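Thanks for coming, everyone. Please put the sequence and the structure up on your screens.

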Number of protein chains: 2
Amino acid sequence: MPYPSQVDREEIVRQARALIEREGEAAFSMSALATSLGVKAPSLYRYVDGRDNLLQAVNLETLRRLFAAFDEALTDAPEEPAARLVALAHAYRAFAHANPCSYELAFTSSGVRRPDEEILLQMVLPLQEIMAGITGKPLSLAALRGLLALIHGFVMLELNEQLQRGGDLRSDFGQSVAAYLRGWQKRSREGP
Amino acid sequence: MPYPSQVDREEIVRQARALIEREGEAAFSMSALATSLGVKAPSLYRYVDGRDNLLQAVNLETLRRLFAAFDEALTDAPEEPAARLVALAHAYRAFAHANPCSYELAFTSSGVRRPDEEILLQMVLPLQEIMAGITGKPLSLAALRGLLALIHGFVMLELNEQLQRGGDLRSDFGQSVAAYLRGWQKRSREGP
DNA sequence: GACAAAGACTACTATCATTAGCTTTAAAAG
DNA sequence: CTTTTAAAGCTAATGATAGTAGTCTTTGTC
């Protein structure tokens, strides 16, 4: 194989993620990415199908890491379903705060296609299992949707600086998640 | 006043909003906007300070309409705080579904600056009042943050097509909001 | 009828993503 | 050790975009 390559696809994706996280999505360009890899922009197209394709790969990697953070949080967490979900919520929020730009990119379509639904489904089913321990199976999808919405929404509002009225945001977050789960518990105890 | 203008700032903002809603933010450009106004792109800069400035004005208009939708929903709603907030949540979601592109634009910074905090504060205080009827004053900010996060998060996940596993999303949304409020009610009844 | 100025236009710059086609290079073949 | 070759990088170009500078047009006013 003549002419050994100076980069590979994996390194491009990794560097793209790092660049986006460091400088923000707005500052990201194929040209800047190429420069940071010691190469010229057109060379990237040998490994990547285009900007959108690349960002999709970045998003997949972001989701992988997010779900890895879930796994880690759940191994250390207690047994009770509600406590596990609270731990999950805090791990989720911590991840988003540690990776604000790539998190936001992964969850705001804005033209960029999202990764395969199949993969996401595999990642989310265990969470629904835990939720079923609180609400019962039939309600678990609805309850999980709401929980993810609450977490995602809270984090997005924080990242977009829309919760500027002071107070302890971590505490507010924890209280809100706890209230949400309590509400579902109450319902499942008392019936609709 | 010689040479009567063919557009004014207000019309530009209105048309920009309409264009974004019709074609999506990605398809929006100063040039496309100018064409739709029967004018060339550079002419717009006489009325608008630049793309970001224009989009900020669009966002302000979007927020005004969102809060107008709140007001309307609250006038028709019952007396009990929880019922009022449920009505508010559904009005919020309906607005976002009716204006998906401009809603998303208004709530995802991505370089575009957001409108004045002062205005937003005025819009949000009445909601906190209602929430205080459920949780009491000290917890009302935390509880409101969580509620807005839940609603915003749910809507964002819907708009970004991340809730694709079937079921009645409106029902899941309503159940989740109800559970959330129930959780806070329970807390305030039983203490921390 | 001449003029002043508001307002729109053309022409230009700079930045992107992306494509086409040429050049370089190091490994493999002789 | 030279020649071949194909992968990989590069330059140059295209077309879209935001934004700027300076010119031309229109029209109310004198």
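Some ground rules. This is a predicted model, where local features need pLDDT of at least 70, side-chain atom pairs count only at pLDDT 80 or more, and totals for chains, interfaces and linings use all residues. Residues are numbered from 1 along each chain as its sequence is written, while chains are lettered from A and ligands numbered from 1 in the order in which they are written.

Chain A, then. It has 9 helices and 0 strands. Helices here are DSSP runs of H or I with at least four residues, strands are E runs of at least two, and both are numbered from the N terminus. The C-alpha atoms fill a box of roughly 70 × 40 × 30 Å along the principal axes. Of the 192 residues in chain A, 32% are buried, meaning 20 or more other C-beta atoms, placed from the backbone, lie within 10 Å of their own.

Now the partner. How many residues of chain A are in contact with chain B? The count is 36, and they meet 37 residues of chain B. Contact means C-beta atoms, placed from the backbone, within 7 Å. On chain A's side, helices H8 (137–159) and H9 (169–190) each supply at least two residues. H8(A) gives the most, with 12 residues.

How values were computed. Two residues are in contact if their C-beta atoms, placed from the backbone, lie within 7 Å. A residue is buried if 20 or more other C-beta atoms lie within 10 Å of its own, exposed if 12 or fewer, and partly exposed in between; C-beta atoms are placed from the backbone.
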